[in-house]
Amino acid sequence: MTTSAPSSSADSGIESGYAWLRLGVAVLVSTIGGVGLWSVVVTLPTMQAEFGVARGDASLPYTATMVAIMIGGVPMGRLADRVGVVIPVLVGGAALGVGYVLSAFTDGLAQFTLVQALLIGLLGSSATLGPLIADVSHWFERRRGIAVAVVASGNYFAGALWPPIVQHFVETVGWRQTHIGIGLFCVVTLVPLALTLRRRAPAHDVARAAAAAGAASVGLGISPRLLQSLLAIASVLCCLAMAMPQVHLVAYCAGLGYGAARGAEMLSVMLACGVVSRLASGWIADRIGGLGTLLLGSVLQGLALLLYLPFDGLVSLYTISALFGLSQGGILPSYAIIVRDYFPPNEAGARVGIVVATNLAGMALG
């Protein structure tokens, strides 16, 4: 057995068959774990009626969950940097399981909000996006952009799959039984999926990538701390703009007299185009880099957002919503690629976690 360093990416596991398998598992984990972002939205009207609270109060669990995911992503990323991604995903799967089961036995909104925030948000869904994006980035070089874009699409897939599933079971068996079912499903799927991620990234890749990232950072002429700060500010601002159509489009259409159903259709079109954009941006990033892709996506998003000002016809709004989706989907993966290009790989989990947290902060502001 030779002791020399591997001579090819196939020998090291980078972009190997296992790397692609790992990418597929990461997408599944992200899609399943993303339930924490969407189930509370679907069950909100039912809980409002059952707990006898106002709509504003009933939205508190969603707000608390988003804040908790934002806070939890950074320590989960740091944990992944130290011990690998399998432990955070195991913790996330267990927390989602326990959280959803416990939430089914809560007696009031305050108890439900506490469980939703601490278990489902802080320890659960926070482990199934940022840490996985960072982990997948270690297993790809030439195709890192498309790989990161694919796994970052997990929350979009979750948004497409979970709401109709949750709504169906809420209508047929009630929200409490639905939550118990979600909890059990998360445990029996996420735990075995996590165990397939036990292999650590090739050590030689970490050393070589750290040296390359250091050289790239020096080439920018700014300190790592300043670069991270600029990425955080940019992340907040771009996601503030991103959230405005996503959050307000349905109400906007209702206000124009088109009806909420039309707005929901436009939102679906926007998110579907966002998946296309996210995948396409990964292909683009592999050719022009993360910084160039971020600049391109941000400019196109700004232009698409401006189109909502002069046009409010039904056909125009469908078209603009599609254009907006095609422009904004690739922005989040671009930040992760920039982190991998300009920071040491053993810091990727924590730094991607910061980017995801500021993404969520921007979405909340928007």
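**Exercise 1.** Determine where the salt-bridged residues Arg262 and Glu265 lie.

*Solution.* Step 1: the side chains of Arg262 and Glu265 meet in a salt bridge, at 3.5 Å from N to O (a salt bridge is a side-chain nitrogen of Lys or Arg within 4 Å of a carboxyl oxygen of Asp or Glu). Step 2: both residues lie in helix H14 (residues 260-306), three residues apart, about one turn of the helix (helices, H or I, are DSSP runs of at least four residues, numbered from the N terminus). Step 3: Arg262 is partly exposed, with a relative accessible area of 36%, and Glu265 is partly exposed at 39% (buried means under 20% relative accessible area, exposed over 50%, partly exposed in between; 1.4 Å probe, protein chains only).

The model is predicted: local features need pLDDT of at least 70, side-chain atom pairs count only at pLDDT 80 or more, and totals for chains, interfaces and linings use all residues (pLDDT is the predictor's confidence in each residue, from 0 to 100). Residues are numbered from 1 along each chain as its sequence is written, and side-chain values use heavy atoms, leaving out hydrogens and water.

**Exercise 2.** Identify which parts the salt bridge between Glu15 and Arg143 ties together.

*Solution.* Step 1: the closest N and O atoms of Glu15 and Arg143 are 2.9 Å apart. Step 2: Glu15 lies in the loop between helix H1 (9-12) and H2, and Arg143 in the loop between H8 and H9, so the pair ties together parts 128 residues apart in sequence. Step 3: Glu15 is buried at 14% relative accessibility, whereas Arg143 is partly exposed at 33%.

Conventions:
Helices (H or I, at least four residues) and strands (E, at least two) are DSSP runs, numbered from the N terminus.
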